[in-house]
Amino acid sequence: MNIPLEALSAKSWRIAILTAIVAIGIALLVSYYVHSARQHLGADYTALVGNIVRAQQTTPQLDHALESFIDEPIGLHLRQIRHTLWLSSNYLDQVSHGLSQHSQLYRDTAYLGDDFTRLRGQIITLEEQAEAALVDRSLLPELQRLSMDIEATMAWTYSELNAAVHSAAGRQRFIMQRLSWAVTALVVAVMLVALALLAAVLRLQRQRNTLKMLMLTDELTGLYNRRHLVDAASRELNDAQRHQQPLSLLLLDLDYFKHVNDTYGHPAGDDVLRKVSQQLRNISRATDIVARIGGEEFCVLMPNTTVDDAESVAERIRHAIALEPLTHLGANLQQTVSIGVTTSLDGSHSFEKLYSLADQALYQAKELGRNRVECVLPPHSSSERQAILTNSQLDI
Ligand SMILES: Nc1nc2c(ncn2[C@@H]2O[C@H](COP(=O)(O)OP(=O)(O)OP(=O)(O)O)[C@@H](O)[C@H]2O)c(=O)[nH]1
């Protein structure tokens with residue numbers, strides 16, 4: 001898997017931009033839908049329906065008042081007519097006002113405009129005629145004809161209005177239902193987008209971690225590689241110098257490993273390398289850094305470890321590897337290791353210097369017969385030199 005980190009972050013950007021585009025698309029869709037549904041959803045038809053019903057109820061009242069007046073044209077009955085006409089006129093105004101509040105319904109009922117005007121005119125005429133008939137009874141038949149006219153107009157207008165309002169309310173219910181489905185779908189879509197984004201971020205994070213591991217570890221053994229060792233060593237040396245603590249380095253090289261490969265085959269050699277790595281992992285501390293730095297060469301960087309402790313760890317490693325049962329890989333197969341040890345007393349040495357000293361020690365171990373631990377220490381470190389100077393000044 002050879003994906004550079006830059007490519008990964010470019011991928012994250014692409015996902016983020018795609019998600020933003022989807023979010024903007026959803027937002028535009030919602031705003032368009034809400035805008036088109038607003039005029040319907042904002043309408044409250046309850047008050048309007050109430051006014052229409054009350055206006056309709058004035059028709060029988062008017063009918064009753066007119067009948068009483070025609071039977072007996074007296075002032076009391078005229079007042080009843082006036083009162084009923086006043087109510088009719090009032091409800092008519094309220095219904096007109098209510099219609100003007102609902103733009104869609106207003107447009108739908110525009111064809112009733114002439115009927116409203118006629119009704120208003122008829123109300124005025126009827127009142128005038130009733131007043132005249134109180135004085136001149138010959139006008140009563142004309143009054144009766146006009147009252148039938150006005151009742152017919154009212155019945156027609158209000159029943160048309162009722163139908164229009166019911167149809168608008170039906171449309172409103174339909175839109176409400178569609179909107180609630182749309183909102184549910186949007187919520188689900190947003191959740192899906194969020195989940196997809198989360199999954200993408202987690203996948204990227206995993207890839208990034210895997211990549212980091214691949215960059216810092218050795219594929220065969222899973223130990224750290226040279227690159228990580230060098231970085232970690234520079235940090236550990238800084239710490240050791242800051243806290244004036246010792247830091248030790250073990251350099252390990254398998255003995256006659258070429259023979260293992262040649263005799264038992266390369267896969268058996270790989271298995272030996274894995275077994276040795278496991279032993280190194282088992283014996284080292286959590287704070288030690290164990291790395292495979294070459295074919296059959298390993299390093300153990302040991303923070304806060306004196307040379308004595310480092311040598312004793314090296315001996316334990318040497319024993320453990322020599323005793324590792326390997327006969328399942330090949331008859332009589334036994335692997336030994338030579339180890340070079342060095343220690344910086346106060347972290348004042350470079351990693352290259354320590355490595356070269358450990359290498360010298362390893363060379364000695366090989367020269368002296370292999371399967372052994374040798375140690376080469378750096379010349380006096382600066383703090384040691386300071387201590388020696390101070391002691392010699394005290395002696396004077
Ligand atoms: N199986 C296997 N062998 C490896 C790997 N890397 C290096 N080697 C082998 O390790 C062997 C190292 O051989 P040499 O450098 O001659 O050292 P040696 O045989 O261990 O001899 P001394 O170090 O002198 O004791 C070579 O045969 C390499 O092919 C690996 O990843 N797997």
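Colleague: How much of the protein is buried?
Modeller: Buried residues are 27% of the 396 residues; buried means 20 or more other C-beta atoms, placed from the backbone, within 10 Å of a residue's own. Mind that this is a predicted model, where local features need pLDDT of at least 70, side-chain atom pairs count only at pLDDT 80 or more, and totals for chains, interfaces and linings use all residues. Residues are numbered from 1 along each chain as its sequence is written.

Colleague: Which residues have the most contacts inside the largest nonpolar core?
Modeller: L250, C299, I339, V341 and A358, in a core of 43 residues. Such a core is a set of buried Ala, Val, Leu, Ile, Met, Phe, Trp, Tyr and Cys residues joined through C-beta atoms within 7 Å.

Colleague: And which helix gives the most to this core?
Modeller: Helix α11, residues 351-367, with seven residues. Helices are DSSP runs (H or I, at least four residues), numbered from the N terminus.

Colleague: What about another core?
Modeller: Apart from that one lies a core of 25 residues, including L48 and Y158.

Colleague: New topic: how do α2 and α6 pack?
Modeller: α2 (residues 46-71) and α6 (residues 140-216) pack at about 165°, axes 10 Å apart. Axes are lines fitted to C-alpha atoms over the stretch in contact, with angles from 0 to 180 degrees between N-to-C directions. The two are therefore roughly antiparallel (over 145 degrees).

Colleague: Which residues of α2 make the contact?
Modeller: Among them are L48, V49 and I52, while the α6 side includes L140 and Y158. Contact means C-beta atoms, placed from the backbone, within 7 Å.

How values were computed:
Parallel < 35°, antiparallel > 145°, perpendicular 65-115°, else oblique. Contact = placed C-beta atoms within 7 Å. Buried ≥ 20, exposed ≤ 12 C-beta atoms within 10 Å, placed from the backbone.
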